[in-house]
Amino acid sequence: MNGGAAMEIRQLMYAIQIAAERNFSRAAEKLHIAQPSLSQQLSKLEKELGVLLFKRSTNSVELTHAGAVFVHKARQIVDMTEQLRREMEDLADLRKGRVVVGSVPVTGAHVLPSVLPVFREAYPDIEVVLIEETSKRLEELTASGSTDVCLLSLPIDDPSLAYLPVIEEEICLAVPPEHALASRGDTSPVPLGGLRDEPFILLKKGQGFRAIAHQLCESAGFEPRIVFESGNIDTVQALVAAGMGIAFVPRMIVRADWAGRAPVYLPIEGRPTRTLVIAYRKGRYLSNAAEAFIATFTDTLRNSGFDRKR
């Protein structure tokens, strides 16, 4: 390939973005360049390589076999280049840096307001970039190196990820105020087996807590009868409050500030918990900035009282 190293890396990034977007206009917009320039650079790259990387049509841009191989290797090269840059910054003992943190929205909304101010005060020159996605998508992003670390709950499906347990929190049962369980007159834990015929409201597929809810039901020998699904845990709780069904809810998500009707939250027999972890790719270089974020996150949450069965 002709040209300097900077041009080579840029060409790799162009191909990666086109593959991700499957569209020249969107890729050019994300890369902050004009679409004709992007098309010209890709044609130049294909000419230098002697292979066609993408099949173009009026409606789509698809990878060829050679293109798929090229983009896979290009991602590895760009990721290794970024890791090398960060490692050199650390060796130069720079106090600046950047850490990309992935989180599911519900977890981020409840724990990051406790962590980020502490981190910003301790490391004012380190930039934190937050990416909010589903659990499944976060695993993919972290495995590909697009995020340095991500906040997930166990279990983790991707074998390329390692993780550090941070907190363990109780899972409780949310029921409508008029539900028989809410008015039974005692606070003893609810047996899971007694929920077999109940209508359940769950998070949508791809959310880590949905898998936990399924596991709880399966441990009691039944499949949940799902009547509603939502991508938002607050919507789940609002539907419970409206009498549409019951739901499992992590303790940190319990809402005490509902206007008007609110769910009733009950303990579950056996006091089941979920484990929140910080995950990162095995073998990936963690910069000083990422290490500092992990340490701050862990210490702040453990000192804030999140790590308790209440």
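Begin at the largest pocket, which holds about 1,200 Å³ of space. To find its centre, select I16, Q17, V78, G145 and S146, the closest to that point of the 32 residues in the lining. A pocket here is an open set of points, on a 1 Å grid over the protein atoms alone, where a 1.4 Å probe fits and protein lies on both sides within 12 Å along at least five of seven lines, and lining residues have an atom within 4 Å of a point. The volume is the space filled by probe spheres set on the points, which are joined across faces, edges and corners.

This is a predicted model, in which local features need pLDDT of at least 70 and side-chain atom pairs count only at pLDDT 80 or more, while totals for chains, interfaces and linings use all residues. Residues are numbered from 1 along each chain as its sequence is written, and side-chain values use heavy atoms, with hydrogens and water left out.

Next, colour α1 (5-21), which gives the most to this lining of the largest pocket, with eight residues. Helices (H or I, at least four residues) and strands (E, at least two) are DSSP runs, numbered from the N terminus. By residue class, the lining of the largest pocket has 12 nonpolar, six polar and 14 charged residues.

Now move to the second largest pocket, with a volume of about 260 Å³. Select S135, K136, E139, D157 and G206, the closest to its centre among 13 lining residues. Here α6 provides the largest share of the lining, four residues.

Conventions:
Nonpolar A, V, L, I, M, F, W, Y, C, P; charged D, E, K, R; others polar.
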